[in-house]
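Here's a quick tour for anyone opening this structure for the first time. Have the sequence and the 3D view side by side as you read.

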Amino acid sequence: MSLLPVAEAQARLLALATFLPTESVPLIEAAGRWAAEDVTARRTQPAADLSMMDGYAIRFADMPGPWIVIGESRAGAGLDKSIGQGQAARIFTGAPVPEGADAILVQEEAARDGELLHLSGEGPAGPGSSIRPRGSDFAEEERLIASGDLLTPGRIAAAAVGGHGMLSVRRRPRITLISTGDELVAPGKATDGVMLPASNGVMLQALIGRTAVVRDAGITPDRLDALVTAFRTAVDADIIVTTGGASVGDHDLVRPALAEAGASLDFWRIAMRPGKPLLAGKLGSTIVLGLPGNPVSAFVTARLFLLPLVAHLGGARNPTPSTERARLAAPLPAVGNRDDYVRATLSEGRVTPLPNQDSGALSTLALADALIVRLAGAPPASVDEIVDILRVA
């Protein structure tokens, strides 16, 4: 089986999945998920002309004054009378502009003696000065959020002001994580000899965050029967994610265990570094994604494959990550026959490759906030050359 290009592997993985059913959830539970339908405004915002400043509502035609103050308008409680010739109303930021008024004399340019108001500065520049017009943000029935949009904090706020308390989203995917390896012990446990704390499970849970419901099935030993049992007991998940055991060693048993459990393999081995021994298939209706065991390889492949899969199931319109451009701060060698994802730091638009690119080097991963994306066969890159990057922090 030849090495599969990254983009083709991503497309084939997403083709295994279909959108999950929709559900209506409170706004705060929708945050970080994707809109399952267009969200339109149920009200106009602002609902009336509002003052943008503290000061006095006046008729611009009455400039330069003086005026008689006849009342007050504050946020949530407007003046119940119209402003006539030579009249003004005390007004506060966010308060409705009284009928008849068409400008705000800001507080810093006004002098008041009892109910008599005088101009003490330049005054408003013209009608509409310091007024936020009705509907200047959005109008009723205007689309606020498109189906498939990520529900960012800003979009959650727009939905709330637009009159929504609930939003339609896709059910969060159920993911079962299976870490494989006889050498692994749970994080925090004593490590005797060459035993190794298992880091992939907690790393992947931190990476996935609230976008999915994750069950960590813990550590499964490198035995065919144990792996087959782990797979068969995880088929209620939408995605089974394994780490380790997907390469070609005598103890890499994920592929034969999947076959024994009745799974079909769609692809195995990707033309990328780190992360070549990645596999994907289906066990019944459950998608199986096998990530490499090295933590850096698991992280990079999770960014490129697992997170897009979760986003696709969740209804994202554009689930695969987009690259940005940055200026290279240090030279890079030519690339071989696999795409290279180089851990790096990003500062002020310049990206610096980190020195230790070993796929087991977690200290480098901890420092990285970007991956430099170098396509297979790319020539050497010099300082100040523009390169593609993926942000990872």
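Predicted model: local features only at pLDDT ≥ 70, side-chain atom pairs only at ≥ 80, totals over all residues.

**Strand partners and other landmarks**

- The strands β8 and β9 (residues 116–119) run antiparallel to each other and pair over four bridges.
- Both belong to an open sheet of six strands with mixed pairing, and the order across it is β7-β4-β6-β5-β9-β8.
- Which strands stand at the edges? They are β7 (103–106) and β8 (110–113).
- Each of these edge strands has a single partner strand, so one side of each is left without a neighbour in the sheet.
- If you ignore direction, neighbouring strands of this sheet are turned by 40° against each other on average.

- You'll find Arg43 in the loop between β2 (39–40) and β3 (50–51).
- Is Arg43 buried, or partly exposed? With a relative accessible area of 29%, Arg43 counts as partly exposed, because that value falls between the 20% and 50% cut-offs.
- The side chain of Arg43 makes a polar contact with the side chain of Gln45, at 2.7 Å.
- That Arg43 side chain also reaches the backbone oxygen of Val161, at 2.9 Å.
- Setting aside neighbours within four places in sequence, Arg43 is in contact with Phe138, Ala139, Glu140, Val161, Gly162 and Gly163.
- For a sense of distance, Arg43 and Ala77 are 34 residues apart in sequence, and their C-alpha atoms are 19 Å apart in space.

**Cis peptide bonds and positive phi angles**

- As background, most peptide bonds are trans, and most residues other than glycine have a negative phi.
- Gln45 and Pro46 are joined by a cis peptide bond, with omega about -10°.
- Pro46 sits in the loop between β2 and β3, the loop that also holds Arg43.
- Another cis peptide bond links Gly65 and Pro66, and here omega is about 5°.
- Look for Pro66 in the loop between β4 (55–58) and β5 (67–73).
- Ser130 isn't a glycine, yet it has a positive phi of about 60°.
- Asp384 isn't a glycine either, and its phi is positive too, at about 80°.
- Where is Asp384? Its place is in the loop between β25 (370–374) and β26 (386–391).
- Asp384 is partly exposed, with a relative accessible area of 39%.

**The loop between β9 and β10**

- Ser130 has its place in the loop between β9 and β10 (131–132), and Ser129 is found in that loop as well.
- Ser129 is buried, with a relative accessible area of 18%, because buried means under 20%.
- What does Ser129 touch, not counting residues up to four places away in sequence? Its contacts are Asp102, Ala103, Ile104 and Pro124.
- Two of those contacts, Ala103 and Ile104, fall within the edge strand β7 (103–106).

**A cavity**

- How many cavities of 30 Å³ or more are there? The count comes to one.
- The largest cavity has a volume of about 30 Å³.
- Its lining is made up of Arg33, Trp34, Arg170, Arg171, Arg172, Pro173, Thr211 and Gly314.

Conventions:
Residues numbered from 1 in each chain as written. Heavy atoms only, no water. Pairing = 2+ DSSP bridges. Helix = DSSP H or I, 4+ residues; strand = E, 2+ residues; numbered from the N terminus. Axes fitted to C-alpha atoms, helices over the stretch in contact; angles between N-to-C directions. Buried < 20%, exposed > 50% of the residue type's maximum accessible area, 1.4 Å probe, protein only. Contact = heavy atoms within 4.5 Å. Polar contact = N/O pair within 3.5 Å; in protein donor to acceptor, adjacent residues only side chain to side chain. 1 Å grid on protein atoms, 1.4 Å probe; cavity = no way out; pocket = protein on both sides within 12 Å on 5 of 7 lines; lining within 4 Å. Points joined across faces, edges and corners; volume = space filled by probe spheres on them.
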